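Here is a short tour for anyone who likes rings and sheets. Please have the viewer open as you read.

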Amino acid sequence: MKYRLIGQVMPAVEMLLGSGESVYTQSGGMCWMSEGIDMSTNTRGGFMKGIGRMFAGESMFMATYTSRWEDAMIAFAATVPGEIYPLDLRETGPMTCQKGAFLCAQNSVDLNIVFTKKLRSGFFGGEGFILQELQGNGMAFLEVDGNLVEKTLAPGEVLKVDTGNVVGFQSNMHYDIEMIKGGMNIFLGGEGLFLTKLVGPGKVLLQTQNFAEFAGRIAGYIPTSS
């Protein structure tokens with residue numbers, strides 16, 4: 001597979017597929033393609049796996065696109081302003097991602113649902129009880145809100161992040177949620193109640209924008225009928 005990233009504000013990834021090569025995305029993720037590509041839609045892994053993806057912010061059904069000949073072209077676009085991150089799992093190993101980060105991947109990559117280690121991390125962490133894990137031998141592409149920031153943590157190094165600004169991290173890293181300390185900080189600090197705590201070693205992907213938070217602020221300016 002060959003690919004190139006197009007655009008800056010609302011980017012897309014355009015791919016050239018080899019004969020018989022497949023990529024998949026959540027339902028509705030494709031934006032254009034050439035002739036010579038067949039589409040099939042299914043739950044990819046069964047009904048229960050499809051249900052799990054719904055809880056993780058993705059669609060229940062996945063669309064798989066398979067090329068019938070060499071260098072057939074297909075493109076997938078981001079849904080919000082930001083970046084598209086090409087993730088080579090052959091280099092990073094399994095990656096845990098926040099819900100909604102997955103855009104598309106080669107057929108050799110599996111998208112699985114994982115649970116946080118502690119109930120409080122899921123219920124109060126701001127990103128939901130369920131996360132996603134990408135594993136396999138190939139390329140995946142992630143959506144990033146705003147700009148991407150990459151960090152590599154040394155063994156034992158700690159990084160605390162507003163939960164909505166985490167895109168993903170290597171699955172062998174320790175992950176937890178901790179509450180902000182101090183009553184004045186909680187009620188007057190203007191931040192969320194919880195931070196994501198990541199402990200190295202490992203690679204962390206961050207985003208400068210939390211689109212869900214941004215949308216909530218915009219909604220506050222929309223007049224409502226009395």
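The text below covers aromatic pairs and then a sheet.

This is a predicted model, in which local features need pLDDT of at least 70 and side-chain atom pairs count only at pLDDT 80 or more, while totals for chains, interfaces and linings use all residues. Residues are numbered from 1 along each chain as its sequence is written, and side-chain values use heavy atoms, with hydrogens and water left out.

Rings of Phe, Tyr and Trp (its six-membered ring) pair if their centres lie within 6.5 Å; planes under 30 degrees apart are stacked, over 60 edge-to-face, and the rest tilted. By this rule there are 4 aromatic pairs, including these:

| Pair | Type | Centre to centre | Angle between planes |
|---|---|---|---|
| Tyr3 and Phe141 | edge-to-face | 5.1 Å | 75° |
| Phe169 and Tyr175 | stacked | 5.2 Å | 25° |

Because Tyr3 sits in strand S1 (residues 2-6) and Phe141 in strand S13 (residues 139-145), their pair ties together parts 138 residues apart in sequence. Strands here are DSSP E runs of at least two residues, numbered from the N terminus.

Buried means under 20% relative accessible area, exposed over 50%, and partly exposed in between (1.4 Å probe, protein chains only). Tyr3 is partly exposed at 36%, whereas Phe141 is buried at 0%.

Six strands form an open sheet with antiparallel pairing, in the order S5-S6-S3-S10-S13-S8; two strands pair if DSSP finds at least two bridges between them. Strands S5 (37-42) and S8 (82-88) stand at the edges, each with a single partner strand, so one side of each lacks a neighbour in the sheet.

Notes: Helices (H or I, at least four residues) and strands (E, at least two) are DSSP runs, numbered from the N terminus.
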